[in-house]
Amino acid sequence: MIDTERYCVDVAHQIDAVIAALRRVQSDMIRDHMHGLVQASVASNLSQEERQRLADEIGSLIGRIV
């Protein structure tokens with residue numbers, strides 16, 4: 001669009017659309033990963049250290065999306 005000298009606002013709208021699509025993909029991916037972490041934590045006979053590692057990872061993932 002830039003090469004064809006499209007109107008600046010049109011390019012900005014396309015950029016916004018791409019960013020929104022990437023955020024949806026990221027959100028779905030993180031949700032699925034967190035689901036797996038929670039299931040692993042609940043269903044497995046994990047040590048307290050491993051449960052803490054999973055909890056820390058979940059906290060980190062939440063921090064990325066907030």
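Trainee: Is Ser41 buried or exposed?

Mentor: First, a caveat: this is a predicted model, where local features need pLDDT of at least 70, side-chain atom pairs count only at pLDDT 80 or more, and totals for chains, interfaces and linings use all residues. Residues are numbered from 1 along each chain as its sequence is written, and side-chain values use heavy atoms, with hydrogens and water left out. Buried means under 20% relative accessible area, exposed over 50%, and partly exposed in between, with a 1.4 Å probe and protein chains only. Ser41 has 16% relative accessibility, so it counts as buried.

Trainee: Okay, and which residues does Ser41 touch, leaving out those up to four places away in sequence?

Mentor: Ser41 sits in helix α1; helices here are DSSP runs (H or I, at least four residues; strands are E, at least two), numbered from the N terminus. Contact means heavy atoms within 4.5 Å. On that basis, Ser41 touches Leu46, Arg51 and Leu54.

Trainee: How do α1 and α2 run relative to each other, roughly parallel or roughly antiparallel?

Mentor: Axes are lines fitted to C-alpha atoms, for helices over the stretch in contact, and angles run from 0 to 180 degrees between N-to-C directions. Helix α1 covers residues 8–43 and helix α2 residues 48–65, and they pack at about 160° with axes 10 Å apart. Angles under 35 degrees count as roughly parallel, over 145 as roughly antiparallel, 65 to 115 as roughly perpendicular and the rest as oblique. That makes the α1 and α2 pair roughly antiparallel.

Trainee: By class, what residues make up the contact of α1 with α2?

Mentor: On the α1 side you'll find, among them, Ile30, Met34 and Leu37, and on the α2 side, among them, Leu54, Ile58 and Leu61. Ala, Val, Leu, Ile, Met, Phe, Trp, Tyr, Cys and Pro count as nonpolar, Asp, Glu, Lys and Arg as charged, and the others, Gly among them, as polar. The tally for the contact is eleven nonpolar, three polar and three charged residues.

Trainee: Which residues of α1 are buried?

Mentor: Look at the side facing the partner helix: the buried residues of α1 pack against α2. The buried set is Val11, Ile30, Met34, Leu37 and Ser41.

Trainee: What about Glu5, buried or exposed?

Mentor: Glu5 lies in the segment before α1. At 72% relative accessibility, Glu5 counts as exposed.
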